[in-house]
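Work through the exercises below with the sequence and the 3D structure open, and try each task before reading its solution.

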Amino acid sequence: MAARRGKDPSPAKSAIVHAGFSLGAFGAAAAVAAGAIHMLGDEADAGPKHVIALFEPKTDEAPPPLKARLSPDLRSASGSAAISLASTEPSLGVPDPVDRYGAPREPAPVEQGSATATIRINGKPVRAGQRYSEVAEIEALPRAPIAGLYERASVGRLPIVAADGRAPADAYARPFENPDGRPAVSVILGGLGINTRRTLSAIEELPPEVTLSFVPYASNLQGLIRKARQHGHEVLIEVPMEPYGADGSRPYSHRLDVDRTPEDNQARLEYLLSRTSGYYGVINHQGEKFATSPEAAGPIADILAARGLAFVEDGSLRRSVLGDVAAEKGTRFARADKVIDIVSEAEAIEAKLLALETKALQDGAALGSGFAFPLTIDILKEWTVRLEEKGFVLAPASSMSPARTPAPTTAQIEPFQTGQTATGRLGGEG
């Protein structure tokens, strides 16, 4: 008979057996090594080599008081051993309003011409120890809406020319005088109302002569405009208009389009105008296509003229006919000469502002527009401080929109009747 052979061992079983023998061998070797070190090693080598102390060894002297700045009583409790920290604490360059004992601190003398002689608040230089009110007194503009300058419509409040002839473009504009005839420079900062931090920064940190324009879809729009007027800023409302092509973004609701009927665009404009009160006019948002169509722009200029509002073009539109249409309809109009932050870089913005100064020297006045980028706001704060030293005057943008003699227009504003909508009240329509 043939010899019988046993089965081959399982690979898994072999692996487990070998692993067990290996671990046992290494464990035995480690135990022998640890025992040898324990029996033959030096105990000194097992201790720490360096000792780091957070406090000095305790002595009989009283320790320095903690939080001496907040509690003067702790300072006196330590007696003669109290340590003055005035010479050992780091200086951050900002003086405390009170000393360590709660007494008002006198402002430290500042050398003339030093880099820390002044700081800037709202674009005005303020010397150490001075209050901003001692340097520039800001006069708040009247609270909006002003009685007699609006009517109630189904869409909300709409601006109108008052019975005594006052137009919103005059009543809501910031007063301005330039008796010396200095070159005037104006800046409109737009895109406000969406980002609260940027909006408050523009309102509170820029000089009141800077005109602010707000997005009509912003939440708490009326509250923001009232705050801006409290800080002396006149305001504009941005009206979205049809651009060329599509940038992939969703079209703005109530945008004015070339292919819409005049009545539809007029109703859309009045809806946007009803979102808030206190603006002296409107400014375009986009609108490269809309601005090239006299047929589309004409009825809009009619509405603005009839309601006593100004029309401002932001300076970004090519082949625009808005100025010609406004002149034909008798609408107050101004076009920005430069968009200062098309390239949002410091050198590019400063170059545009310098170009505004040059144009103001040549023509007597210049108007720029920009967006509420943090960089733009910071540069404007610095730039506006230097204007007076250069011989310029910072003027509100409304000063660039002189009153026009009203032209014959088909847009005659009639009081709203109960249940009446914006559409169908203009030019005898409806």
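**Exercise 1.** Decide whether Asn220 is buried or exposed.

*Solution.* Begin with the terms: buried means under 20% relative accessible area, exposed over 50%, and partly exposed in between, computed with a 1.4 Å probe on protein chains only. Asn220 has a relative accessible area of 56%, and therefore counts as exposed. Finally, look at the backbone, where the phi of Asn220 is near 55°, a positive value in a residue other than glycine.

This is a predicted model, in which local features need pLDDT of at least 70 and side-chain atom pairs count only at pLDDT 80 or more, while totals for chains, interfaces and linings use all residues. Residues are numbered from 1 along each chain as its sequence is written, and side-chain values use heavy atoms, with hydrogens and water left out.

**Exercise 2.** Find where Pro145 lies and describe the peptide bond that joins Ala144 and Pro145.

*Solution.* Pro145 is in the loop between helix H3 (132-135) and strand E3 (150-153). The bond joining Ala144 and Pro145 is cis, with omega about 0°.

**Exercise 3.** State which residues Leu353 touches, not counting residues up to four places away in sequence.

*Solution.* Contact means heavy atoms within 4.5 Å. With those sequence neighbours left out, Leu353 touches Ile340, Ile379, Leu380 and Trp383.

Note on methods. Helix = DSSP H or I, 4+ residues; strand = E, 2+ residues; numbered from the N terminus.
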